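Dear colleague,

Please find below the structure that I am handing over to you. My notes on it follow directly after.

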Amino acid sequence: MGILEKKSMAGRLLLFLLAVSAATADEDVFIGVNIGTDLSDMPHPTQVVALLKAQQLRHVRLYDADRAMLVALANTGIKVMISVPNEQILGIGQSNATAANWVSQNVVAHYPATNITAIAVGSEVLTTLPNAAKILVNALKYIQSALVASNLDRQIKVSTPLSSSIILDSFPPSQAFFNRSLNPVLVPMLSFLQSTGSFLMLNIYPYYDYMQSNGVIPLDYALLKSLPPNKEAIDSNTLLHYANVFDAVVDAAYYAMAFLNFTNVPIIVTESGWPSKGDSNEPDATLENANTYNSNLIRHVLNKTGTPKHPGLAVSTFIYELYNEDTKPGPVSEKNWGLFDANGTPIYILRLTGSGAVLANDTTNQTFCTMKDGADPKMLQAALDWACGPGKVDCSALLQGQPCYEPDDVAAHATYAFDTYYHQMGMTSASCDFNGVATITTTDPSHGSCIFPGSLGKNGSMANITAPSLNSTSVDSSSYNFHSGAFKNILLILGVVLGSAVFL
């Protein structure tokens with residue numbers, strides 16, 4: 001190879017590195033949140049912003065470009081992704097003038113006071129609005145042209161959120177490819193993202209992958225729980241170990257892009273979460289699982305773990321979602337993806353100690369130690385006797401006539417004793433075992449006048465940091481239960497090739 005060829009190659013390599021860094025080096029990895037509005041009592045935009053500030057959330061995604069919301073976000077420094085709703089894509093994709101008018105009204109009118117950093121053109125258009133697929137790339141280009149005309153193209157990136165279901169044969173990730181019928185749209189779309197220094201927006205829902213896998217995907221693998229190496233899934237081609245669904249889908253997207261010869265388009269996850277409640281046929285839509293998934297995901301992203309294919313290269317992620325949307329159509333689970341209710345009260349207390357201040361609604365460290373479901377009554381009694389004896393727990397509240405006497409059964413009394421001991425010992429995991437009959441939970445077991453150690457009392461969770469509310473009612477945390485629910489069919493199963501995945 002000649003000197004000129006080497007210089008040319010070096011130049012191309014430099015341009016490649018600059019293209020990658022342009023989309024990732026503007027700022028560090030972040031956790032953001034989606035803000036849906038299907039609430040019967042939607043908080044005022046100023047309340048929403050107060051909650052965002054209290055939770056130190058610096059990145060939000062709106063599903064539209066609501067003027068009142070954009071005005072409330074002005075001069076806060078919060079970085080905002082606005083959206084072109086799906087119903088407006090046909091008009092914008094067919095008219096440069098319509099796109100220019102949209103940018104004028106929804107971007108130029110608010111920027112820079114409102115720190116708009118990205119525009120999501122539609123949401124999962126390829127899978128939910130296939131008739132608009134053929135003009136989706138035009139819509140992207142017309143919005144981009146309007147930004148260029150306003151000299152805002154460097155500050156604001158344009159893309160479109162895609163469902164991870166368009167990735168086929170997604171395990172092992174190294175064999176993944178996009179649905180080939182979508183290539184006529186995806187190839188020019190990826191070319192657009194590459195040329196503008198934008199990113200692939202991807203919605204990833206391990207909950208649905210798990211639900212639709214018929215037992216192939218273990219729950220712990222979907223929840224991002226720590227797994228021993230012999231429980232991880234192995235990509236038989238690369239020998240990379242995958243400890244969770246989230247990383248496997250992200251890497252599958254990287255490989256699918258590489259299959260189409262695009263290797264320098266970064267990924268941002270625009271939606272991911274877990275429902276906290278559902279119908280009877282959705283047993284894993286629980287408070288505990290929702291807390292576990294979102295807590296683990298936030299730590300995973302902010303700790304910059306990266307993926308097996310790209311270790312250390314974390315993928316910024318927007319949690320789905322800020323509020324429970326009680327008027328959203330569909331099964332119960334559709335209404336229960338939120339981190340907060342309409343009053344700004346946490347649905348559960350995230351476990352994020354050591355992961356910074358973002359979404360630190362665990363500043364009360366509100367966890368409890370309770371009896372484990374199905375525990376043997378004799379073992380419970382023995383553990384209760386130990387806690388109230390050698391364990392030096394003050395069990396006077398369990399005596400007849402005292403606040404925690406009722407219900408008068410070993411399960412209730414053991415839970416009180418276990419939780420008291422747990423808090424006396426500094427809430428270490430080892431202090432909530434009792435020979436396997438106890439477990440840690442974020443659900444407050446307090447009832448009536450029986451207030452457990454660590455409880456802030458009825459409706460008191462995080463009262464010091466929740467946003468002021470215009471609502472006249474509050475939600476009792478005891479109203480949340482573990483009913484499970486039906487799942488929506490907007491995502492397809494994470495394809496798992498049984499012969500290539502190893503779950504020992």
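Strand 1 pairs with strand 13 (residues 317-319) in the parallel sense, over three bridges. Strands here are DSSP runs of E of at least two residues and helices are runs of H or I of at least four, numbered from the N terminus; two strands pair if DSSP finds at least two bridges between them. Within this pair, Ile31 has Thr317 of strand 13 as its bridge partner.

This is a predicted model, in which local features need pLDDT of at least 70 and side-chain atom pairs count only at pLDDT 80 or more, while totals for chains, interfaces and linings use all residues. Residues are numbered from 1 along each chain as its sequence is written, and side-chain values use heavy atoms, with hydrogens and water left out.

The open sheet comprises nine strands with parallel pairing, in the order 5-4-3-2-1-13-12-9-6. Strand 5 (157-159) and strand 6 (161-163) each have a single partner strand, so one side of each lacks a neighbour in the sheet.

Asn34 lies in strand 1 (residues 31-35). Asn34 counts as buried because its relative accessibility is 0% (buried is under 20% relative accessible area, exposed over 50%, partly exposed in between; 1.4 Å probe, protein chains only). Its side chain makes a polar contact with the side chain of Arg61 at 3.1 Å (a pair of N or O atoms within 3.5 Å; within protein, one must be able to donate a hydrogen and the other to accept it, and residues adjacent in sequence count only if both atoms are side-chain atoms).

Kind regards
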